[in-house]
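Welcome! Here is a short tour of a protein model, written for someone meeting one for the first time. Please take a look at the structure, then read on.

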Amino acid sequence: MVNTRPLNRIGAHAKGHNRYSIGICYEGGLDKDGKPKDTRTPEQRAALRRLVNELLTRFPGCKVCGHRDLSPDQNRSGKIEPYEWTKQCPCFDVVTEL
Ligand SMILES: [Zn+2]
């Protein structure tokens, strides 16, 4: 795991949300044809879960979501549906998994 930006510096991951968020990325997320796919290894899954738990301990009450979950709610339903995703990452359902 590599920390590429100190937590006290504003990130550049999710436009409009960087001032109050921490971006976590994993290497992969595409199949051999370049299409979005959950390609995480068991080690990546474990490391991601560990990191999120550490961050939630440090910043209790934070919302954990995927980049795609920050897409605009075009139909104002209150839910970001797959057709509204402007990005596919992280290619798995963060809310149910983490
Ligand atoms: Zn992303």
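## Helices and the loop

Helices here are DSSP runs of H or I with at least four residues, strands are runs of E with at least two, and both are numbered from the N terminus. Helix 1 covers 42-58 and helix 2 covers 94-97. The protein has two helices and zero strands.

The radius of gyration (taken over C-alpha atoms) is 14 Å, close to the 13 Å from the globule rule (2.2 Å times the number of residues to the power 0.38) for 98 residues, so the protein is as compact as a globular protein of that length. Its C-alpha trace spans about 35 × 30 × 25 Å along the principal axes.

## How the model is read

This is a predicted model, in which local features need pLDDT of at least 70 and side-chain atom pairs count only at pLDDT 80 or more, while totals for chains, interfaces and linings use all residues. Residues are numbered from 1 along each chain as its sequence is written.

## Buried and exposed

A residue is called buried if 20 or more other C-beta atoms lie within 10 Å of its own, exposed if 12 or fewer do, and partly exposed in between, with C-beta atoms placed from the backbone. By this count, buried residues make up 7% of the 98 residues in the protein.

Let's return to F59, which is exposed because it has 10 other C-beta atoms within 10 Å. F59 and R49 are 10 residues apart in sequence, and their C-alpha atoms are 15 Å apart in space.

## Backbone details in the loop

R76 is in the loop between helix 1 and helix 2, and its phi is near 55°, a positive value in a residue other than glycine. R76 counts as exposed because it has 7 C-beta neighbours inside 10 Å.

C91 lies in the loop between helix 1 and helix 2 and has a positive phi of about 70°, although it is not a glycine. C91 counts as buried because it has 21 C-beta neighbours inside 10 Å. Now find P90, in the loop between helix 1 and helix 2. A cis peptide bond, with omega about 10°, joins C89 and P90.

## Contacts along the chain

Two residues are in contact if their C-beta atoms, placed from the backbone, lie within 7 Å. Among the contacts with a separation of 6 or more, 39% are between residues 24 or more positions apart.
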